[in-house]
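Keep the structure open while reading.

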Amino acid sequence: MSGSVWLSGGQFLCFLFFLATCLAPGSSTAQVPLLMWSSDSLPPLAPATAGHITPHEEVTAYLSSVFGSGSHTVLLFLQDKLSKDDFTLYGGVFGNKQESAFKHLEAALRSSSSVTLPALEWTGLSAIPTLLQDKLGVPPLLVDADTLSHLSINTSANNLLLVHLPYCSNSLKTCKEVLNDNDQIIGNVLSFLKDEDVSYTAMYTGLHPSRATAQAPVPNQQVGRTLLQIAEDDANPPIVYPESGSPCIMLWAQNLSVDTTSGAGWFDLAQQSHSTAGSMCNSTNSLLVLNYPNYTLSFSMSQRFYPISARNWFTLDQVQLRAFNQTETFIGSRGIYAPAEYSYRCQTVRSYQDALLLPADITSQWRLEFTDFQIQGFSLASGNFSYASDCAGFFTPGIWMGLVTSLLMLLIFVYGLHMIMQLNTMDRFDDPKGPTISVPQTE
């Protein structure tokens, strides 16, 4: 051959080592795809099953069957990085073939005998160039688009042509533009060999995977399915009384915000340390007192039997806030209630704007707002909240409006259908040649 640069075995390995040093993505367990086609027929290869990673031994055995006897001209298109995801993203696999970045490659695979290995084992450096050099017994010839026109191929001997293709990692172009340029190079090389009437075997693979996922061993890692979500900080434990033994009152809230209009604005008591001194509970009444610095917040609950529902219900009778030598009371019995064996939960409990806590003094400027609020003062089992009765009703005002409107339209439809069914057609007609028909008014 002439017009090209020959590489000895050592120089070729140095060339690969240079590429590996500059382009290696790091230690990872990954695979690279291998596409192989020939102008002659290739030995059959069983299709790879889903998830199968082809080891080097299988590739070596298959290449031995391909290049067992005779002379061969082998084209190796070695791209800096390649992954099967590149074909999915840029190959027009969803029917949009006009947008494919591999038009010449797809045409060559369709018109030739081809073999595809979607996942070839990769352990830090592509083994395909070394395998080909061992099988053919010749050093590789590095060619490019500029040296193709001066290339003279001796088909009576083995030839190994290496075409280096870049990737978009360090390019100003997009990945699709780079892959389009590479596909054009592949098309030009194949067209040259076709014009020269040279039988060839071509291979397209990557020196490194373009999308490799590192899989470093993690000690004590949980095995199995896990939720792919950001781990949240541990929530504060619920407030219980008594703190030791079997609890009879339990409360949890993300925020216990109070506003006493003293210039400090909203103050969240849930983030402060507290004591439950002064709390009490029995079979009919419960009182939870939360003592904070400068604040005291108490929840008074009671339960009673209602004959209509034939069960006991508990109500949050009042919430009392003491601060700065003043006391304000908020009534909650009208909106905060639940069966005695249940807990009560509400996303927002406030004393203003859709208030569930009504101030006893309508002139009071103090405000309360509890976020993600849950409380239970009776029938606590095993120290946990019982089934929660939520404040959000099943029938919201919007649902009621929709039901009433639909019912009204249904009544109108039924009335109209009934009126249409009551229409009677004439069963007697006047004959102009005979006597006039007299229809009595009673018919």
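Which residues form a nonpolar patch on the surface? In this predicted model, the patch consists of Leu407, Leu410, Leu411, Phe413, Val414, Leu417 and Met421. Together these residues have about 730 Å² of accessible area. One of them, Leu417, lies in helix α7, which covers residues 397-421. Leu417 counts as partly exposed because its relative accessibility is 41%, and the partly exposed class runs between the 20% limit for buried and the 50% limit for exposed.

The next stop is the largest pocket. It holds about 310 Å³ of space, and 15 residues line it. Ser111, Ser112, Leu190, Lys194 and Tyr200 are the lining residues that lie nearest the centre of this pocket. Two elements, α4 (103-111) and α6 (175-195), each give two or more residues to the lining. The most comes from α6, with five residues. By residue class, the lining of the largest pocket divides into six nonpolar, seven polar and two charged residues.

The last stop is a loop. Ser246 is found between strands β8 (239-241) and β9 (249-252). Is Ser246 buried or exposed? Its relative accessibility is 67%, so Ser246 counts as exposed, the cut-off for that class being over 50%. Ser246 can also be placed relative to a residue elsewhere in the sequence: Gly383 is 137 residues apart from Ser246 along the chain, yet the C-alpha atoms of the two are separated by 6.5 Å.

How values were computed: Residues are numbered from 1 along each chain as its sequence is written. This is a predicted model: local features need pLDDT of at least 70, side-chain atom pairs count only at pLDDT 80 or more; totals for chains, interfaces and linings use all residues. Side-chain values use heavy atoms; hydrogens and water are left out. Patches are made of residues with over 30% relative accessible area and no salt bridge: like charges are joined within 9 Å, nonpolar side chains (Val, Leu, Ile, Met, Phe, Trp, Tyr) within 5 Å. Accessible areas come from the Shrake-Rupley method with a 1.4 Å probe; for residues, only the protein chains shown count as cover. A salt bridge is a side-chain nitrogen of Lys or Arg within 4 Å of a carboxyl oxygen of Asp or Glu. Helices (H or I, at least four residues) and strands (E, at least two) are DSSP runs, numbered from the N terminus. Buried means under 20% relative accessible area, exposed over 50%, partly exposed in between (1.4 Å probe, protein chains only). On a 1 Å grid over the protein atoms alone, a cavity is a set of points where a 1.4 Å probe fits but cannot get out, and a pocket is an open set with protein on both sides within 12 Å along at least five of seven lines; lining residues have an atom within 4 Å of a point. Grid points are joined across faces, edges and corners, and a volume is the space filled by probe spheres set on the points. Ala, Val, Leu, Ile, Met, Phe, Trp, Tyr, Cys and Pro count as nonpolar, Asp, Glu, Lys and Arg as charged, and the others, Gly among them, as polar.
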